[in-house]
Each structure stands twice: as structure tokens, then as C-alpha cells.
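Reader: Please show me the sequence and the structure, and then take my questions about them one at a time.

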Amino acid sequence: MDTRRRLLFAAPLLAVAAGGAGFYTILRRMQENTYDPHALPSPLIGHKPPPFTLPGLNGGPGFSNTDIAAPPRPMLVNWFASWCIPCAEEAPMLYQLAQTGLPIWGIAYQDKPDAIANYLNQYGNPFTRLAADASGLTAINWGVYGVPETYLIDKTGIVRWRWAGAITLDVLQNGLNPLLAQYS
Amino acid sequence: MRFLVLLLLLLPSLARAQMVTRDGVTLTQAQETRAEGIGDQLRCLVCQNESIEGSSASLAAQLRVIIRQQVVAGVPDRQIMAYMVQRYGIFVLLKPPLSPLTYLLYGSPFLAVFLGFLFAWAARRNRAPPPAPLSDADRARLEKILVP
């Protein structure tokens, strides 16, 4: 009888302790950047990007979905904008990635040609090809909900990974690099 | 006669009075109500706890335009919802659909009631049996103690 009472008394305390431990884990992983409660899984993963044709910038060629349907090696498509602060944050990382030979194709989201040119002058141009989605309608078809967003496309043209937010060293090491090794 | 012609000429303006413009799309009040009904069920991806109707994010405004354009084009509600889910996943729905991912969510009230019954049943089962009724001798003794 007494053990039963004790158990009844301990049960709520244990429940609270378990909740606390769970909450602590979430907070710790958020701090370590291994968990983002706002991150959404992209429905595009496992599929080819939807059909689109986007113009280039300042006379450059744009690109369409057929241009990325079968790339010779895995590539990134990076959505960015000159008015976006995390984009400037990840710019050095993209530049370094481009130096390793990884093709990065950029799409400027709701931006003006002059502003994009200025931005690329200031932060360097890591992009193999550049297109502009001035209306932002192609972004909606991709399920882009903010910039920067980066998509990994494998050699068969299928999206394998989407990262919403700046690519940090941690994202590179734990997210992108293992996948690049897997799909190249 | 002239008065009648004037009235006839004014008829289209009556129809116009029923039109509303929201986010640059002009539609009838009925269509606007329908569009709002759809937008109220969709989550704004930028601010995540607001509906597309309630959000001031530019993406939400763009999605409101798309909803209204499709409503005007006569696209059924289900198809408009499917359009959004196809792009943003089921997270875009403020009311999640029943799927293996949400079984626990929808099952939790039933689970709670079941656990409650389980506890009640266990408590009843383990309750100590009531003491046996007093014998005549005990009763006589009690009477003696209580009544001076």
C-alpha cells in the first residue's frame, strides 16, 4: 500500500522531469544549430524542380528547368537577394564552395538588376549561372519561403536536400558534405 | 422611357458596387468570402503562427493574390489547397490532415480517456475490501462504551 502511494506521488514528478529533459535537449540542440524548430521539410525532395524559365541579368543567359535536368555533377541552386542579410552572411561560404569546383547556380529573388550587380561586386560572385525571379512566382512553385535557400540537385536532376537559411560551417559539415560525397 | 434607359445604363454600376478589390485582385463579395475561407486555413510560412489572411508578410500577400486569381478562375477549394500543399507540404495547412504522421495527435484525446479509465479501474480493483459488519457482541460492547 505504501509503495503504491509513493509511486503515485513520484509519477507526476517523473513526468515533469522527463518533460524538462526533453525541453533541455531541444534547447541544447537549437544552440548547437543541429535542430531548427522553424525548418520545414521540402516537398520537392525526391523530385525534379517544377518547370520554369527565368531570364538572366544584364544580358547574361538565364536558365530553365531543362538546364538543370541532368547536370554532369551534383550542383547547388541558391536563392538569394541583395536585400537579404543572411545571404551576405553566407556569401563567403558560397564563394569558398565555388572555389572547390562545385557548380552553384544562383536565382535572385524579387530583386533589381542594379542591386544584384552591386551585391555581387561587394561579396564576390560564386555563381556559375545567374537568373532573376523578379516576380517571385517561380520561387512559390519551388516552395521557397524565404531567402537564402539552397537546393542540392543530383546528377539525375532530382532535388536531394534543401536548406533554408545561411549555410554555416556546421551546415556544410553535417548537412551538405555527406550528401555531396553520396551523390557525386 | 428616358428614365428607364438611364436606369438600364446604371445597372452595371450596381454590379460594380458588389465587387471588392483585395491585394490588387477585383472579385465579387462572394468570391472574396470564399478566398478568405481558404486563406484562413493556410499557414503563413514566414511567420508560421499566422494564417495567410492575417499575415502582413509579402509572401502571404502573393499567396492571397494566387488564391483570389484561382477563385475567380473557378478552381475548386480542394484544388487550391492541393496547390499549396504540393509546394509547401502539409505544414501549410493550419488543420493538419489525418495521416500516419498525425495519428498520435488525433488519437491523443482517446488515449487520454482510455488511460483515465485504466487508472480508475486499477484504483477500484486495488481498493481494500470494506470491513466486515459488526457482530452482535461488538455492537453491544460499542453501545456500552458510547452510551454512558
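Predicted model: local features only at pLDDT ≥ 70, side-chain atom pairs only at ≥ 80, totals over all residues.

Reader: How far apart are the C-alpha centres of domain 1 and domain 2 of chain A?
Author: Chain A is divided into domain 1 (1-37) and domain 2 (53-183), with bounds that come from an automatic or database domain assignment. The C-alpha centres of these two domains of chain A lie apart by 41 Å.

Reader: What is the handedness of the crossover from β4(A) to β5(A)?
Author: Helices (H or I, at least four residues) and strands (E, at least two) are DSSP runs, numbered from the N terminus. Strand β4 (residues 104-109) of chain A and β5(A) run parallel and are joined by five bridges; two strands pair if DSSP finds at least two bridges between them. The chain passes from β4(A) through helix α3 (residues 113-123) of chain A to β5(A). A crossover is right-handed if, with the strands pointing away from the viewer, the path from the first strand over the helix to the second runs clockwise, and this β-α-β crossover is right-handed.

Reader: Which residue in β5(A) stands opposite A:Y109?
Author: Among the contacts of A:Y109, leaving aside neighbours within four places in sequence, are A:W79, A:F80 and A:D133; a contact has C-beta atoms, placed from the backbone, within 7 Å. In β5(A), the residue opposite A:Y109 is A:D133.

Reader: Which element gives the most to the side of chain B that touches chain A?
Author: Ten residues of chain B are in contact with ten residues of chain A. Elements giving two or more residues to this side of chain B are α3 (58-72) and α4 (77-88) of chain B. The one that gives the most, with three residues, is α4(B).

Reader: Is B:E32 buried or exposed?
Author: A residue is buried if 20 or more other C-beta atoms (placed from the backbone) lie within 10 Å of its own, exposed if 12 or fewer, and partly exposed in between. B:E32 is in helix α2 (residues 29-39) of chain B. Because B:E32 has 20 other C-beta atoms within 10 Å, this residue counts as buried.

Reader: What is the phi of A:Q110?
Author: A:Q110 lies in the loop between β4 and α3 of chain A. With 18 C-beta neighbours inside 10 Å, A:Q110 is partly exposed. Although A:Q110 is not a glycine, its phi is positive, at about 45 degrees.

Reader: What is omega at the cis peptide bond that joins A:V147 and A:P148?
Author: A:P148 is in the loop between α4 (137-142) and β6 (149-153) of chain A. The bond joining A:V147 and A:P148 is cis, and omega is about -5 degrees.

Methods:
Residues numbered from 1 in each chain as written. Chains lettered and ligands numbered in written order. Contact = placed C-beta atoms within 7 Å.
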